[in-house]
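Me: I have a model open and would like to talk through how it is packed. Can you take my questions one at a time?
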Amino acid sequence: MLESYRVVKEKSEDVLYLYLTFGYEFSEELDSYELENKANDWLCKERIQFQGDKVVVVVDGIVSKVLHLKKEHHYDDQKTKVTMTNHENLSIYDLLLSLLFTNIKMTLPLEALKALVVLYRSEIIHHMEEKEKIPLTCQYFTYTNHNYYKLLYPTTYHTYFDLFQKAIEETKNEYLTYQEKAIDCYYHIASNGYTEEKEGVPYLVRKESFWDLAYPHYLQQRHFTIEQLKEQLRLKEGKAYPVQILNVSEGNRIKSLRIGNQTFSDKDLITQLGLPSSDATILIEKDGLTFITRGVGSGYGLSLVGASALANLDCNYRQILGYYFKDVILNVKEK
């Protein structure tokens with residue numbers, strides 16, 4: 001039987017020691033699955049306050065088994081707290097509200113907005129599962145506390161607040177998983193007509209998103225003089241700067257580009273030159289280069305323009321997410 005237990009802090013994690021006597025229903029043949037179920041039962045019956053997952057089973061003073069409990073996490077928008085990299089603590093609800101205020105610069109139908117909320121929540125939970133703090137800035141969002149916008153937009157704050165709150169409430173606690181792990185948040189404003197696959201991310205697939213072609217800023221043009229390219233790309237001094245596209249994705253996006261004797265990735269083009277997309281036609285001119293781009297953003301995951309079009313065709317947020325992501329599961333907790 002279970003004689004006693006204790007929770008010990010080891011390497012900043014809780015470890016639960018269960019002390020049993022051999023006279024109980026335990027033997028060397030008892031498999032880990034059965035013992036794991038019994039350990040979970042003891043946690044409930046004894047009301048053991050234990051936040052870790054490692055359990056050491058000690059039988060008559062001898063360590064017999066070490067288990068790692070598969071505990072189902074329950075994330076609640078209002079109750080679950082997250083920590084930002086600036087050490088700010090807030091609820092998932094407040095973080096979602098802040099991300100919407102900070103990052104949404106276009107009008108979205110409610111169902112498209114709900115799809116985005118689910119993606120934001122998935123990203124937050126992904127960091128929590130990895131025991132990481134939430135970054136203030138990453139590839140897909142920037143964080144500023146929503147209270148800042150009360151001062152910035154005093155007349156319109158409550159209009160947006162009501163809409164954002166509705167999107168959060170109607171997807172309460174829901175997030176996407178792939179193989180039981182919360183997915184990363186992948187979205188963009190408009191694709192070039194197709195979303196992109198990404199190596200090592202099996203839930204990202206190439207999907208038609210022709211609605212994006214009608215986006216007013218689908219085609220854009222940016223010109224850079226040689227001096228501007230030197231400054232922004234930190235080109236080494238030289239007499240000539242030949243241009244060569246080295247690698248292109250299946251979706252016609254530049255993956256790597258050589259200018260002079262230096263190679264730049266698609267990320268370099270977007271961040272250092274401020275291009276809206278890496279799907280670009282490059283015109284070589286006397287005084288520099290002109291980039292004609294198609295789409296806005298990485299092309300990975302959810303297209304906001306496409307999601308809006310699907311919402312206007314009466315698709316709900318679950319159908320929208322199912323269209324843009326492959327083999328993901330929507331975790332629906334009690335609301």
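Me: Let's start with H8: which of its residues are buried?
Reply: Bear in mind that this is a predicted model. In H8, the buried residues are Leu 304, Val 305, Gly 306, Ala 307, Ser 308, Ala 309, Leu 310 and Ala 311, so that 8 of the 9 residues of this mostly covered helix are buried.

Me: What does the backbone do just after H8, at Asp 314?
Reply: Asp 314 takes a positive phi there, of about 75°. For context, most residues other than glycine have a negative phi.

Me: Changing topic to the helices: at what angle do H2 and H3 cross?
Reply: The axes of H2 (residues 92–103) and H3 (residues 110–129) come within 10 Å and cross at roughly 125°, which makes H2 oblique to H3. The crossing is right-handed.

Me: Which residues make that contact?
Reply: On the H2 side they are Ile 92, Leu 95, Leu 96, Leu 99, Leu 100 and Asn 103, while H3 brings Leu 113, Leu 116, Val 117, Tyr 120, Arg 121, Ile 124 and Met 128. Sorted by class, the contact of H2 with H3 has 11 nonpolar, 1 polar and 1 charged residues.

Me: How do H3 and H5 cross, and what makes up that contact?
Reply: The axes of H3 and H5 come within 9 Å and cross at roughly 65°, and this crossing is also a right-handed one. H3 contributes Leu 110, Leu 113, Lys 114, Val 117 and Arg 121, and H5 contributes Leu 163, Phe 164, Lys 166, Ala 167 and Ile 168. By class, this contact of H3 with H5 has 7 nonpolar, no polar and 3 charged residues.

Me: Which residues touch the most other members of the largest nonpolar core?
Reply: They are Tyr 120, Leu 302 and Phe 325, in a core of 57 residues. The elements that give two or more residues to this core are H2, H3, H5 (157–169), strand E7 (175–178), H8 (304–312) and H9 (317–324), and the largest share, 10 residues, comes from H3. As a general point, nonpolar side chains tend to be buried together in soluble globular proteins.

Me: What is Leu 302 in contact with, leaving aside its sequence neighbours?
Reply: Beyond neighbours within four places in sequence, Leu 302 is in contact with Ala 115, Leu 116, Leu 119, Tyr 186, Tyr 187, His 188, Ala 307, Ile 320, Tyr 324 and Phe 325. There is also a second, separate core of 16 residues, which includes Phe 224, Leu 233, Leu 235 and Leu 289.

Me: Back in H2, is Thr 102 buried or exposed?
Reply: Thr 102, found in helix H2, counts as buried at 10% relative accessibility. Not counting residues up to four places away in sequence, Thr 102 touches Thr 142, Tyr 143, Thr 144 and Tyr 149.

Me: Last one, for the whole chain: how many helices and strands, and what share is buried?
Reply: The protein chain has 9 helices and 17 strands, and 48% of its 335 residues count as buried. Among contacts with a separation of 6 or more, 64% are between residues 24 or more positions apart.

Note on methods. Residues numbered from 1 in each chain as written. Predicted model: local features only at pLDDT ≥ 70, side-chain atom pairs only at ≥ 80, totals over all residues. Heavy atoms only, no water. Axes fitted to C-alpha atoms, helices over the stretch in contact; angles between N-to-C directions. Helix = DSSP H or I, 4+ residues; strand = E, 2+ residues; numbered from the N terminus. Parallel < 35°, antiparallel > 145°, perpendicular 65-115°, else oblique. Left-handed = near helix turned anticlockwise from the far one by under 90°. Contact = heavy atoms within 4.5 Å. Nonpolar A, V, L, I, M, F, W, Y, C, P; charged D, E, K, R; others polar. Core = buried A, V, L, I, M, F, W, Y, C linked by side-chain atoms within 4.5 Å. Buried < 20%, exposed > 50% of the residue type's maximum accessible area, 1.4 Å probe, protein only.
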